[in-house]
Amino acid sequence: MSQDQTDGGGSGTAPAGAAPPEYAELPAYAERVLDVADLIPPGRVMTYGDVAEWLGEGGPRQVGRVMALYGSAVPWWRVVRADGTLLPAHELRALEHYRAEGTPLREASRHAEGHLPRLDMRRARWDGSGTDPAPGGPGTPSGGGGPDTDQPAGRGGRGEEAHI
């Protein structure tokens, strides 16, 4: 697991009185969201809404909450806002990943605040094609099958807080 996948990526916090995330059992919905994030290939992205649609449950806010609490265990930078703006307070870390992976970007104009690029959503957005559908699973955003629900061997540390 990379350093970025273990040290958190955002500003979310666990609910008051909750057990520390590394000891708490991961909710089933959170596990499914993280499974989808794991499937997104390098250089591609899915929006929070795409992930919810793929799963056939929840919505962008629920996916965002899962990513905020548990996303450090997966490539969090691949689950993004629909408008392609980089995650506030994590722009530079995400941008490093996007550039390393060759994720399509739209360069910012000189007049844009901070001169940060946006994701080129038309080219970077992934529809889930090429994945094995789960038997009887809901459709992907493009109408295909859902993700395989078997957890890959060796993936651990999901209880860590992502702060995305």
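Colleague: Is Trp 76 buried or exposed?

Modeller: Trp 76 has a relative accessible area of 2%. The model is predicted, and the cut-off for burial is under 20%. Trp 76 is therefore buried.

Colleague: Which residue forms an aromatic pair with Trp 76, and what is the geometry?

Modeller: The two ring centres are 5.6 Å apart, and 85 degrees separate the planes. Planes over 60 degrees apart count as edge-to-face.

Colleague: Why is the pair of Trp 54 and Trp 126 given its class?

Modeller: The ring centres lie 5.9 Å apart. The planes stand at 25 degrees, and the limit for this class is under 30. Both residues are buried. The angle is therefore what makes the pair stacked.

Colleague: How many residues apart in sequence are the parts that this pair ties together?

Modeller: Trp 54 sits in helix α3, residues 48-55. Trp 126 belongs to the segment after α6, which spans 121-124. The pair therefore ties together parts whose separation in sequence is 72 residues.

Colleague: Which residues of α3 are buried?

Modeller: The helix is mostly covered, with 6 of its 8 residues buried. What covers these residues includes α2, β1 (46-47), α4 and β2 (79-80). The buried residues are Tyr 48, Asp 50, Val 51, Ala 52, Trp 54 and Leu 55.

Colleague: How are α2 and α3 oriented to each other?

Modeller: Helix α2 covers residues 28-39. Its axis comes within 10 Å of the α3 axis and crosses it at roughly 115 degrees. The crossing is right-handed. The two helices are therefore roughly perpendicular.

Colleague: How many charged residues are in the contact of α2 with α3?

Modeller: On the α2 side are Tyr 29, Arg 32, Val 33, Val 36 and Leu 39. They meet Val 51, Ala 52, Trp 54 and Leu 55 of α3. By class the contact has 8 nonpolar residues and no polar ones, and the charged count is 1.

Colleague: What is the orientation of α3 to α4?

Modeller: Helix α4 runs over residues 60-70. The α3 and α4 axes are 8 Å apart, at an angle of about 105 degrees. The range from 65 to 115 sets the class. The pair is therefore roughly perpendicular.

Colleague: How many polar residues does the contact of α3 with α4 have?

Modeller: Tyr 48, Gly 49, Val 51 and Ala 52 of α3 touch Pro 60, Val 63, Gly 64 and Met 67 of α4. Gly counts as polar. The contact holds 6 nonpolar residues and no charged ones, and the polar count is 2.

Colleague: What pattern does the chain follow along the sequence?

Modeller: The chain has 164 residues, and 46% of them are buried. Its secondary structure comes to 6 helices and 4 strands. Read along the sequence, the pattern is α-α-β-α-α-β-α-β-β-α.

Definitions and conventions. Residues numbered from 1 in each chain as written. Predicted model: local features only at pLDDT ≥ 70, side-chain atom pairs only at ≥ 80, totals over all residues. Heavy atoms only, no water. Phe/Tyr/Trp six-rings, centres within 6.5 Å; stacked < 30°, edge-to-face > 60°. Buried < 20%, exposed > 50% of the residue type's maximum accessible area, 1.4 Å probe, protein only. Axes fitted to C-alpha atoms, helices over the stretch in contact; angles between N-to-C directions. Parallel < 35°, antiparallel > 145°, perpendicular 65-115°, else oblique. Left-handed = near helix turned anticlockwise from the far one by under 90°. Contact = heavy atoms within 4.5 Å.
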